[in-house]
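Please examine the sequence and the structure displayed here before reading further. The explanation after them is intended to be read with both in view.

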Amino acid sequence: MGLAHVACLVRQAEMSVKEKEEENTGVGFDKWAGCYDCGQRFHGAVQLALGWACWKTYLGRPHTDANRSNAIGVLGNALRASELPEE
């Protein structure tokens with residue numbers, strides 16, 4: 001069983017996207033969805049927490065911003081995978 005702090009995963013994902021934007025290197029948004037140490041995709045509570053964190057990170061950007069669009073996709077995938085009751 002692996003353990004991780006969600007705040008640390010969020011910070012790593014944010015830095016990955018920033019690196020991709022500024023230097024065109026790294027994995028960009030893929031770090032919001034999976035672990036680059038073991039290759040597993042995030043799931044369950046971690047996927048949902050990262051989905052919400054991703055959306056909150058890029059929410060303030062313009063509606064036409066690609067990262068904002070990617071962020072709602074990350075959240076949407078997490079919500080769909082969580083199988084929580086619709087509200």
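The structure shown is a predicted model. We begin with helix α3, which comprises residues 66–82.

The next matter is which residues of α3 are hidden from the surroundings. Asn67, Arg68, Ala71, Val74, Leu75 and Ala78 are buried in this helix. When α3 is viewed down its axis, these buried residues fall within an arc of 120°, and therefore they line one face of the helix. This buried set packs against two other helices, α1 (6–23) and α2 (44–58). On the face turned away from the buried side, α3 carries the exposed residues Ala66 and Arg80.

Two residues of α3 illustrate this contrast. Asn67 has a relative accessibility of 8%; because a residue under 20% is classed as buried, Asn67 belongs to that class. Leaving aside residues up to four places away in sequence, Asn67 touches Val17, Glu21, Phe29, Tyr58 and Arg61. Arg80, which also lies in helix α3, has a relative accessibility of 60%; because a residue over 50% is classed as exposed, Arg80 counts as exposed. Between Arg80 and Leu48 there are 32 residues of separation in sequence, while their C-alpha atoms are 9.5 Å apart in space.

Leu48 leads us to helix α2, where this residue is buried. Also buried in α2 are Leu50, Gly51, Ala53, Cys54, Trp55 and Tyr58. Tyr58 is one of the residues that Asn67 touches. The buried residues of α2 pack against α1 and α3. With 15 residues, α2 reaches 22 Å from its first C-alpha to its last, close to the 21 Å expected at 1.5 Å a residue.

Finally, attention may turn to an open space in the model. The second largest pocket holds about 160 Å³ of space. Which residues line the second largest pocket? The lining consists of Cys8, Leu9, Gln12, Ala13, Lys31, Gly34, Cys35, Tyr36, Asp37 and Phe42. Sorted by class, this lining has six nonpolar, two polar and two charged residues.

Methods. Residues numbered from 1 in each chain as written. Predicted model: local features only at pLDDT ≥ 70, side-chain atom pairs only at ≥ 80, totals over all residues. Heavy atoms only, no water. 1 Å grid on protein atoms, 1.4 Å probe; cavity = no way out; pocket = protein on both sides within 12 Å on 5 of 7 lines; lining within 4 Å. Points joined across faces, edges and corners; volume = space filled by probe spheres on them. Nonpolar A, V, L, I, M, F, W, Y, C, P; charged D, E, K, R; others polar. Helix = DSSP H or I, 4+ residues; strand = E, 2+ residues; numbered from the N terminus. Expected span 1.5 Å × (residues − 1). Buried < 20%, exposed > 50% of the residue type's maximum accessible area, 1.4 Å probe, protein only. Arc of directions from axis to C-beta. Contact = heavy atoms within 4.5 Å.
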